[in-house]
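Subject: Handing over a structure, with notes

Dear colleague,

I am passing a structure on to you, and I would be glad if you could look through it before reading my notes. The notes come after it.

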Amino acid sequence: MISKANAVVQTRFSILFSAPQRLLSFPSTGGSKPLLVFTTATYSTKSPTQVATEGEEVLDQPKDSIEVLRKWGCSDNDISKIFARRPALRNANISQLQSKLNILSGLGIGALDLVKIINCRPRDVLAKAIVRNPSLLTYDFHNIFKPAIALYDEMGVSGQDLIPMLLSQPTMIPRTSFDEEKMEYICKTGISKESKMYKYVVTLIGISRHETIRRKVANLEKFGFSDDEIFNLFGRSPLMLTLSVDKVQRNMTFILGMMKFPASVVLQYPFLLYSNLEAVLRPRVLLAWKIQDMGLDLQIKGPKMMTALRMTEKRFLEAFVKCHRRDVADELMEFYTSAKGVKRLAEASKKNNITGFPF
């Protein structure tokens, strides 16, 4: 499946994502047959000055692909990396190379980008996105695909950043839209374009419906968060926008009602909203209380509680269960397993009914 996707990517997306195998591959110039050339006598009407000027222009023309790449802005180190990956470029047709580099320049791709493209092979990532969402191949290239890419480019998200985003959000192309309201949301996050989180904020807001964003903001406001706190949280932890209203409500209810923490704790520890309530939060908190009731020396309290909640399952069991003597460890393990087996009402028979796009 991947190989088929690669073949289609080569034909439809090579220019947009600058696939090096297509943009920078040339027919071999070696081994060509000699041609029989006939010459005819001609008379020049140009002045000596014109002839001299044209001679200077010819001298300024690059002699090989190395000079072409240097004139385009590549350093010697860049050229070495390019040739190491694509040795055929050493003998590339100069005019074709210049033409294709001009195409890249028109797309806003420079020397540093070219090196990354050739070495990182983004087509493989793009192919995975197509396998995930084959409808990418049905989108109108000029009327849907390119305008969406142009929108993100205007927002400061480069094509290279878009490729992994396309993999994580395969339906982002037809879902993307930006208006004054969404631009205001992005500004409220206070995130700069230089931040690594910027592309996530822009992409997730770009593909989200207005009513969905408003509903998620209103849900957090119910727990006492201000508008500024909410969008600042989105800026620091953009994937918060992917959480359902139901999940946030259940986790917040447990944090406030059972753990007795203030709502503001999630501003410092956003992972509390991401954590699975049934598999992580509830059983580990209950185990902490069980350890306290048994009067064991190793307690899970204060900052240690946050550390325990973020641990992997294996590390958590080794740190707080298996560290005790055998009989105590068995009792704790039985309790912990039982706590994890308790599902909320009707969870076992619950059906996943998803209407439209989840965000």
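What follows is an account of the confidence of the model, then of some helix pairs and an aromatic pair.

This is a predicted model, in which local features need pLDDT of at least 70 and side-chain atom pairs count only at pLDDT 80 or more, while totals for chains, interfaces and linings use all residues. Residues are numbered from 1 along each chain as its sequence is written, and side-chain values use heavy atoms, with hydrogens and water left out.

The protein chain has a mean pLDDT (the predictor's confidence in each residue, from 0 to 100) of 79, and 71% of its residues reach 70 or more. Over residues 51–58 the pLDDT falls below 50, and this stretch has two contacts (heavy atoms within 4.5 Å) in the model beyond near neighbours in sequence. Residues 345–349 also have pLDDT below 50, with one contact beyond near neighbours in sequence. Where pLDDT is low, the predicted coordinates should not be read in detail.

Turning to the helices, these are DSSP runs of H or I with at least four residues, numbered from the N terminus. Helix H5 (residues 65–72) packs with helix H6 (residues 76–85) at an angle of about 130°, their axes being 10 Å apart; axes are lines fitted to C-alpha atoms over the stretch in contact, and angles run from 0 to 180 degrees between N-to-C directions. H5 and H6 are therefore oblique to each other, given that angles under 35 degrees count as roughly parallel, over 145 as roughly antiparallel, 65 to 115 as roughly perpendicular and the rest as oblique. On the H5 side, Ser65, Ile66, Leu69 and Arg70 meet Asp76, Ile79 and Phe83 of H6.

Helix H13 (residues 180–189) and helix H14 (residues 198–207) have axes that come within 10 Å and cross at roughly 150°, which makes H13 roughly antiparallel to H14. Their contact brings Lys182, Tyr185, Ile186 and Thr189 of H13 to Tyr198, Val201, Val202, Ile205, Gly206 and Ile207 of H14.

Helix H15 (residues 210–221) packs against H16 at about 120°, with the axes 10 Å apart, and H15 and H16 are therefore oblique to each other. Val217, Leu220 and Glu221 of H15 make this contact with Asp227, Ile230, Phe231 and Phe234 of H16.

Across the whole structure, a search finds six aromatic pairs, where rings of Phe, Tyr and Trp (its six-membered ring) pair if their centres lie within 6.5 Å, and planes under 30 degrees apart count as stacked, over 60 as edge-to-face and the rest as tilted. Phe231 and Phe234 form an edge-to-face pair, at 5.7 Å centre to centre and with 85° between the planes. Phe231 and Phe234 are separated by about one helical turn, because they are three residues apart in helix H16 (residues 227–236).

Methods. Helices (H or I, at least four residues) and strands (E, at least two) are DSSP runs, numbered from the N terminus.
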